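Here is a short briefing for a first look. Keep the view open while you read.

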Amino acid sequence: MTGVRVAGVGLTHFGRHPERTGRDLFGEAALAAREESGVDPEDIESINYGNFMGSLAERQGHQAPLMAEMAGLQCPATRYEEACASAGVAIREAVRAVRSGEADVMLAGGCERMTNLSTADVTEGLATAADELYEIRAGMTFPGAYALMARAYFESFGGEREDLAHVAVKNHDNALPNEYAQFHRAITVDEVLDAPMVSDPVGLLDACPVTDGASALVLVSDEYAEANGLDAPVSITGSGQGGDNLALHDREHLAVTPATERAAAEAYDDAGCAADDVDLVEVHDCFTIAEVLAIEGLGFYDHGEGIGAARRGETTATGDLPVNLSGGLKAKGHPVGATGGSQIAEMTRLLRGDHPNSDHVEDATVGVTHNAGGTVASAVVHVLEVDR
Amino acid sequence: MTDAGYDEWLDAVDDGEGFYLACPEGHGSLPPRRVCPHCGSADLDHADLPTAGTVETFTICYVGGPDFADEEPYATAIADFGDVRLTGVVRGVDPEEVTVGMPVEAAVGTNRTTGDDLLILRAR
Ligand SMILES: [Zn+2]
């Protein structure tokens, strides 16, 4: 089985782009990834494209061939939809295609346009990742679902809103030097605690913003990289995906995410590593509680211990296990269908040493990315390693 | 639009004959199902939904989707009914008064925005 290298990454700025269409955003990211990779466009065999709610937001279904056009490529293109984990699965399937020997060069990533919708319409669009009969009809929103999980966490394991506020503060700090991030503003614990409630106990500053953006990666086989003299020191060495019941109320525990545990176990096994070997991680922090659930699900903390990690300084940029040095979904932004690709692009930059936060992890060799769909009814985990 | 299984279930709750689907392993789930979502058993029987449940977790939603514009703020809760849990809008008490452990019963109400039937967790 061949190894898979990240030959190039491309990101748009994450934020509000009212004057731009999704096709324009993905075109920018794809061209940037192509250019950085140095790959001959004719060699790109397929595009795996992640998108969640383009049919609602832009009245544009069948986006994948459109995005191939925008990337200047005439090759098969397929859209992957797994709610907020759409790009995660698109990339995972690209990794599998290269590993199997089916393809030598793939372009994978995703895009979402969201800020052109009203808050109510975004709320409704995102809620479609929940169970339509039993959750949406009961007034469950995306922040509401995580609020249910946050309160269940407090009840089961302890912790309080102030612990979660430290997660938000940390991720805003990390986003400050990141040119692609939506927010370049430090916040304080008090600001998080005093922000208006969206869905108690999730406040406005516990939540990721509504974001437009795109991400793209060029993935190549080891053989292709060597034959073409590509400078591609970062490899994707592990990939895993886990599933769970769609509706929260069908889960055994309301504050534990077995989909993440399953995805992580598969990815670690695939890469031949363990949680202890990981130097830094990008996790799916759509809400502050989501980061806590993720670092526990990934095996870095026991249940009940993750909530204090940011407050204790363990997951900050200077801590033992920096989490979300990109700023995370919370501060970098969360264009849902692009996020999984953005995490791998950021991790690649961090490991290569050309990310503004790379100085915090100079000797890092192993990074993990974690992309979740809905209330973690799906999760995709990747292990990235860099040649040192 | 009718939803096979779901509408029937909501009507049953409204008639005070709420039920859930029980498999031989003792897992509970809600219709429509062909198999148990926990163990895959196709042997599903109707079992009586307990009259009383307790709130396991809840949220007070200040920003809902368009279908809930006239409800804000409202409390949505997940309540434990033994072998099965229900997610519903809490009524019969101010949203700010909802607590974990609060006893509730399942009922059917009307969504004030859309006029559609809605699963209610009514404070007992
Ligand atoms: Zn069963």
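In which sense do strand β1 (residues 4-11) and β8 of chain A pair, and over how many bridges? They pair in the antiparallel sense, over 2 bridges. This is a predicted model: local features need pLDDT of at least 70, side-chain atom pairs count only at pLDDT 80 or more, and totals for chains, interfaces and linings use all residues. Residues are numbered from 1 along each chain as its sequence is written, chains are lettered from A and ligands numbered from 1 in the order written, and side-chain values use heavy atoms, without hydrogens and water.

**Strands within chain A**

- Helices (H or I, at least four residues) and strands (E, at least two) are DSSP runs, numbered from the N terminus.
- Two strands pair if DSSP finds at least two bridges between them.
- Val4(A) has Ile236(A) as its bridge partner in β8(A).
- β8(A) also pairs with strand β11(A), residues 378-386, in the antiparallel sense over 9 bridges.
- Gly242(A) stands opposite Ala379(A) of β11(A).

**Extent of the interface**

- Chain A brings 31 residues to the contact and chain B brings 34 (contact means heavy atoms within 4.5 Å).
- The size of an interface is often given as the accessible area lost when the parts come together.
- Here the two chains bury about 2700 Å², with 57% of it on carbon and sulfur atoms (accessible area lost on being put together, 1.4 Å probe, summed over both parts).
- On the chain A side, Tyr134(A), Arg137(A) and His249(A) lose the most area to chain B, together 24% of what that side buries.

**Contacts across the interface**

- The rule finds 1 salt bridge between chain A and chain B (a side-chain nitrogen of Lys or Arg within 4 Å of a carboxyl oxygen of Asp or Glu).
- Arg33(B) forms a salt bridge with Asp250(A), and the closest N and O atoms are 3.1 Å apart.
- α5 (119-127), α6 (142-157) and β5 (197-200) of chain A each supply at least two residues to the side that touches chain B.
- α6(A) gives the most to that side, with 6 residues.

**Strand pairing between chains**

- β5(A) and strand β4(B), residues 53-61, run antiparallel and are joined by 2 bridges.
- Asp200(A) stands opposite Ile60(B) in β4(B).
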